[in-house]
Amino acid sequence: MRSSRRLAALPEYLTARTNRLVAERRAAGGDVITLGVGDPDLPPSPAARQALAELVQRDDVAGYPTNRGLPELRQAVARFYRARFGVELDPEREIIPLLGAKEGLAHLALAQLDAGDAALVADPGYPVYVGGPTLAGAEPVGLPLRREHGFLPDLEAVSPADRERANLLVLGYPNNPTGRVVDVDFHEELAAWGLRHGVPICHDNAYSEITFDGLVAPSFLQAPGAREAGIEILSLSKAFSLPGWRVAFAVGNAELVGTLLRLKTHVDAGMFHALQRAAITLLDSDPAERRELAAVYERRRDLVCDRLAAAGVDVPRPGGAMYVWMPVPGGDDAAFAERLLLGADVVVSPGRAYGDAGRGYARLALTVSDDRLREAMERIVRML
Ligand SMILES: Cc1ncc(COP(=O)(O)O)c(C=O)c1O
């Protein structure tokens, strides 16, 4: 049976391939340390788990939810944005729940793009930035994030032809994979550029709560013009260490939020009510817990960067997210990742998995215990 040509155009999803390789090595007796996937190893808070456990016992949570989500949940998101970012949101028109940021990003592309359209996407970037537009029959056009440009896109370098075809721009800071964190000025320029050229912006703030060295990541919506220019996606996966719960939100421009909601009414049936109610507890919880979580990643960031620097690797020190973006000796990231897996039983992601501009780098996820990370670093350094 043949799949759609749109699906056939996509390579096997990165984690699917990595998982298979790891299983093969483990079956062969290898003590594999995987720094490949950004799957938080730390548990969600006991309070969150307790809340969900109690909620599933209720009689009123098992029915079909709605795509718009409970009003109480949207109000909790509005409270979170007010407290955390100083941003006022209208819970009726400017907030919807998503079944994870990944779902929202893929469906946003489907909601916005037709054949012949382009999506301007961060390169390197989270693979769905490319997968979504491709599945929509549109063309993803990379915005290279290069080290010499501080891992920021050069929007003025986008060709007039691409700009005119574009009906979506997707990027996010704190950035996966580069670890770059931006300030509100960056978002202001981004919003202005989007408005000037009529390109709706989607800012992916999946790592908003994970920053280091005292940095605090802003919301895109703090920037003047941002609410007119586009939306932001907020995910609870990393901030609360519960990626399997699949809780995220699209917030901001009411028209774009409404378009995404309309698309979603055709493809999913909303978020489990118990999760929606548990999410309220999380959104209202003490921010100190989130800072403790970020401190763990910061310690691991230091561990990895210090070890690489001591071994002579000129590694950029990430200001946020949960990865180290390591320049690869010799420059061939695919060969390096394979050598590490076969020769040292360490999984890292080759940079090209995140786009052409990722070539020459490997992404190391800080999502294993400090001890395992230390062991992984010794093995990596031996292979340099
Ligand atoms: C940049 C970025 N956006 C979104 C996601 C997905 O988040 P969620 O778990 O909410 O789907 C990830 C997960 O790794 C990510 O790195």
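Which element gives the most to the lining of the second largest pocket? In this predicted model, the element in question is α5, with 3 residues. The second largest pocket holds about 600 Å³ of space, and 31 residues form its lining. Of these residues, Gly38, Lys102, Tyr126, Tyr207 and Lys238 lie nearest the centre of the pocket. Two or more lining residues are given by each of the elements α2 (14–27), α5 (101–112) and α10 (236–239). In terms of residue type, the lining of the second largest pocket divides into 15 nonpolar, 10 polar and 6 charged residues.

Among the elements, α6 gives the most to the cavity lining, with 4 residues. The lining of the largest cavity comprises 8 nonpolar residues, 1 polar residue and no charged residue.

The structure holds 9 aromatic pairs, and one of them is formed by tyrosine 126 and tyrosine 129. A pair of aromatic rings is described by the distance of the centres and the angle of the planes. For tyrosine 126 and tyrosine 129, the values are 6.0 Å centre to centre and 80 degrees between the planes, an edge-to-face arrangement. Tyrosine 126 counts as partly exposed because its relative accessibility is 22%, whereas tyrosine 129 counts as buried because its relative accessibility is 6%. The cut-off that separates these two classes is 20% relative accessible area, under which a residue is buried.

A further edge-to-face pair is formed by tyrosine 207 and tyrosine 323, with 5.7 Å centre to centre and 80 degrees between the planes. Tyrosine 207 lies in the loop between β6 (201–204) and α9 (226–229), and tyrosine 323 lies in strand β9, so the pair ties together parts that are 116 residues apart in sequence. Both tyrosine 207 and tyrosine 323 are buried.

Strand β9 belongs to an open sheet of 3 strands, in the order β9-β12-β11 and with antiparallel pairing. The edges of this sheet are β9 (323–327) and β11 (349–350); each has a single partner strand, so one side of each is left without a neighbour in the sheet. Strands of a sheet pair through backbone hydrogen bonds, either parallel or antiparallel. Between β9 and β12 (residues 361–365), the antiparallel pairing extends over 5 bridges. Within this pairing, proline 327 has tyrosine 361 of β12 as its bridge partner.

Strand β8 (residues 248–252) is largely enclosed by the rest of the structure, because 5 of its 5 residues are buried. Ala248, Ala250 and Gly252 point one way from β8, while Phe249 and Val251 point the other way. Antiparallel pairing joins β8 to strand β2 (residues 95–98) through 4 bridges, and here proline 97 stands opposite phenylalanine 249. Strand β7 (residues 230–235) is likewise antiparallel to β8, with 5 bridges between them. The bridge partner of glutamate 232 in β8 is valine 251.

Arginine 74, in helix α4 (residues 71–85), counts as buried because its relative accessibility is 4%. Setting aside residues up to four places away in sequence, arginine 74 touches Arg68, Gly69, Pro91, Glu92 and Ile95. The C-alpha atom of arginine 74 is separated by 6.9 Å from that of isoleucine 96, although the two residues are 22 residues apart along the chain.

Methods. Residues are numbered from 1 along each chain as its sequence is written. This is a predicted model: local features need pLDDT of at least 70, side-chain atom pairs count only at pLDDT 80 or more; totals for chains, interfaces and linings use all residues. Side-chain values use heavy atoms; hydrogens and water are left out. On a 1 Å grid over the protein atoms alone, a cavity is a set of points where a 1.4 Å probe fits but cannot get out, and a pocket is an open set with protein on both sides within 12 Å along at least five of seven lines; lining residues have an atom within 4 Å of a point. Grid points are joined across faces, edges and corners, and a volume is the space filled by probe spheres set on the points. Ala, Val, Leu, Ile, Met, Phe, Trp, Tyr, Cys and Pro count as nonpolar, Asp, Glu, Lys and Arg as charged, and the others, Gly among them, as polar. Two strands pair if DSSP finds at least two bridges between them. Rings of Phe, Tyr and Trp (its six-membered ring) pair if their centres lie within 6.5 Å; planes under 30 degrees apart count as stacked, over 60 as edge-to-face and the rest as tilted. Buried means under 20% relative accessible area, exposed over 50%, partly exposed in between (1.4 Å probe, protein chains only). Contact means heavy atoms within 4.5 Å.
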